[in-house]
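Let's take a look at this one together. Have the sequence and the 3D view ready.

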Amino acid sequence: MKNLNLFSNIINDTKRKSPLIHAITNPISINDCANVTLAAGARPIMAEHPDEVEEITQKSDALAINLGNITDIRMKSMKISCHTAATNKIPVVLDPVGAAASKLRSDFANNLIDKFSFSIIKGNMSEIKSLLGLSSHPLGIDVGKEDEIDSENIKTSVTIAKKMSAKSGSVIMITGKYDIVSNNKNTFIIKNGTPMLTKITGTGCMSGILAASYLPNTDPLTAAAFACLCMGIAGELADKNSNGPSSFRTAFLDAIYLMDCSKIAKYADFNIL
């Protein structure tokens, strides 16, 4: 299995250095995003007031922007923080939640991508297709059935990821039944996961903040791929030790907290193209 030593370094470095992760995210998943950041060994700060985000971002090791439940205030703060991150060379993860669901979100996400450089852009396939101007079939903020990644359309899905990477200059992290992580040269296809991850809200948001938590200690491609692996493996382990959504949520956070290289080596299911 490739890259296991590198993945082990990410776990150890994140817990040892405890990087500060500034997240401007949505109130629906903000608590779980903070908790998964802590479970990974990083420190979250969820500041969104436009009068303080410049100062907060300057002091942070990475920035995570999430468009879920956006408001005028959050949109203003996101622009300020993205500008601050660019000025200070702070890595940024963009999660364009709902970009396929409304013109407001799609236009705002594309405006950010045009103006700023993102280390990682994370979304489901409906969102990524929408950002490319391709036809998509979202179910609200969720991926539509016609857009889901499966074994039959994996090659086409990889091509879409590479096109988005070429357009944006970012690592593209597409989550779903299979996760695809690509920088247009190298691509991870990650098959870990469980349907139970769709039974609690915010797991997509958590995968983005997890990537941001790992980003200060490795390159964007590795951070995104490792976040997908951790989410998928933790979901599988939690599914074995839970009886429903509530116990699954608790077991999932525990599994992220207890993640180590031996679990990655035992359970990781991925290919590198």
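## A strand and a pocket

E5 and strand E6 (residues 171–174) run parallel, paired over four bridges; strands pair here if DSSP finds at least two bridges between them. Strands are DSSP runs of E with at least two residues and helices runs of H or I with at least four, numbered from the N terminus. This is a predicted model, where local features need pLDDT of at least 70, side-chain atom pairs count only at pLDDT 80 or more, and totals for chains, interfaces and linings use all residues. Residues are numbered from 1 along each chain as its sequence is written, and side-chain values use heavy atoms, with hydrogens and water left out.

| Pair | Sense | Bridges |
|---|---|---|
| E4 (residues 92–95) and E5 | parallel | two |
| E5 and E6 (residues 171–174) | parallel | four |

On the E6 side, Lys-122 sits opposite Met-173.

Which way do the residues of E5 point? Ile-120 and Lys-122 go one way, Ile-121 and Gly-123 the other, and all are buried (under 20% relative accessible area, 1.4 Å probe, protein chains only).

Now for the largest pocket: 43 residues line it, and Asp-142, Thr-175, Leu-197, Thr-198 and Thr-203 lie nearest its centre. E5 is one of the elements giving two or more residues to that lining, while H8 gives the most, with four residues. A pocket is an open set of points on a 1 Å grid over the protein atoms alone, where a 1.4 Å probe fits, with protein on both sides within 12 Å along at least five of seven lines; lining residues have an atom within 4 Å of a point.

Terms used
Buried means under 20% relative accessible area, exposed over 50%, partly exposed in between (1.4 Å probe, protein chains only).
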